[in-house]
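Colleague: I am new to reading protein models. Could you walk me through a few features, one at a time?

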Amino acid sequence: KSHGGSDISRRKSCQFRTAESLVFSPRFPAFCLSFKMADNEEERKLIKQLFYRGHSNEEIVGMLSKCHGIDISLSTLKRRLKDLGMSRRYLEYDPNNVRTAILELLDGPNSTVGYRSVWHNLRMKGIVVPRVVVQKMLKEIDPDGVESRKAHRLKRREYHCLGPNSAWHADGYDKLKPYGFPIHGCIDGFSRKVIWLYITRSNNYPDNIAAYYLDAVKQLGGCPRELDTDLGTENGTLAGIHSFFMNDPDSHRYVSSPRNQRIESWWSFLRKNWSTWWINLFKDMIEKGVLNTADQLHLECLWYCFSELLQMDLERVRNSWNTHYIRKSRHDTIAGRPDALFHLPERYGGTDNQIVPLSPHDISYAYSHLVQKDEDNDYQEYFQYVIQSLNKKKPEHWREALQMYRELLDIAVNGR
């Protein structure tokens, strides 16, 4: 009898452990949510929470024990679930409540997720409904979204801009940088007119970028209201000049590449329609042993022979783009030619006079005090001397440029 009594007391002591003993028990690691023994109400709350998160009965028992210090058997859990009216097979739900909950989920970031994610989010809200019901309702509520996800297309963010010169987007393009030809460009947000597009010695050099901006501002007689660039340090001088013109540091915004969508989208166009060909040409030169991008002499010679030709070709691409017709699309893109959209925005629903006029004094001040001049390059001076000595002119075709590159490199290396 005494033995039985001690056994009962041991079971009770194990069943009703104090919170203090649990804290120092190695069975309950530090990441557990709570080490206090829960009363019946807290236990029910935890069971509901774990159930709605989609855990199996076995997982619920294990998590109650490990993370909350609540030891119950599988059969006890099933009784608790039955008392709470929670079942995985026989579900009762109000279709109107489910529809309302789905609409609330779709009105936000969840608008891009599939029906499985929606179904899981509903469960976490305590709305238990068969997954096939959610799938059918999504097809009724958001048929376009269902088709887009089926085609693996992301939902695009709509771009809003009042008119030309309301916002410019500037960025560098590095696909040709391994061959010594980084590019920098800027596009108007409303019209998609390319404001500038330059081959540069380095699109990481702040003064180069600032000079392109000032050239455009001087030509137009003013600056845009907003200027967006990425987070690169090369944009520091540009940001300072624009903020000085606007007398507002918030008029320039550092944004991530996905947010700088106008110029990023245009780089995709440039890759498909222009730069791929040049990349393949330079790759062929490397494979044939004509070009070594690890040799500065090779890169400087390549720059001398091809840079002006590439710039002429880029200007052609820019003019072609600015005068081509952009068709209207399902993404609320304004149809028209970039040049016309830029200069005649009122005909296309835009607002004119968004440019901020600047005095010649302010522009001159920026030129003289904020922009430094590039230093002379000994390689370029040498190649220019050789060309003048041979009484030749700069190439106007890529084949001529390639031939000149071979000749100049042979003279520089072999002296002949």
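Modeller: Let us begin with Glu300, which is found in helix H13. Helices (H or I, at least four residues) and strands (E, at least two) are DSSP runs, numbered from the N terminus. This is a predicted model, where local features need pLDDT of at least 70 and side-chain atom pairs count only at pLDDT 80 or more, while totals for chains, interfaces and linings use all residues. Residues are numbered from 1 along each chain as its sequence is written, and side-chain values use heavy atoms, with hydrogens and water left out.

Colleague: Is Glu300 buried or exposed?

Modeller: Buried means under 20% relative accessible area, exposed over 50%, and partly exposed in between (1.4 Å probe, protein chains only). Glu300 has a relative accessible area of 8%, so it is buried.

Colleague: Which residues is Glu300 in contact with, leaving aside neighbours within four places in sequence?

Modeller: Contact means heavy atoms within 4.5 Å. With those neighbours left aside, Glu300 is in contact with Arg201, Asn377, Tyr379, Gln380 and Phe383.

Colleague: How do I read a nonpolar core?

Modeller: In soluble globular proteins, nonpolar side chains tend to be buried together. A nonpolar core is a set of buried Ala, Val, Leu, Ile, Met, Phe, Trp, Tyr and Cys residues joined through side-chain atoms within 4.5 Å. Here the largest one has 44 residues, and Phe181, Ile183, Phe282, Phe306 and Tyr405 touch the most other members. Among the elements giving two or more residues to this core are strand S2 (183–188) and helix H12 (261–287). Helix H13 gives the largest share, twelve residues. A second, separate core of 22 residues includes Ala170, Ile209, Val217 and Leu238.

Colleague: And how many salt bridges does the structure hold?

Modeller: A salt bridge is a side-chain nitrogen of Lys or Arg within 4 Å of a carboxyl oxygen of Asp or Glu. The structure holds ten. In one of them, Arg99 pairs with Glu140, with the closest N and O atoms 3.1 Å apart. Arg99 lies in helix H6 (residues 95–106) and Glu140 in helix H8 (residues 131–141), so the pair ties together parts that are 41 residues apart in sequence. Arg99 is partly exposed at 30% relative accessibility, whereas Glu140 is exposed at 53%.

Colleague: What about the salt bridge between Arg318 and Glu315?

Modeller: Their side chains meet at 2.9 Å, N to O. Both residues lie in helix H13, three residues apart, about one turn of the helix. Arg318 counts as buried at 15% relative accessibility, while Glu315 is partly exposed at 28%.
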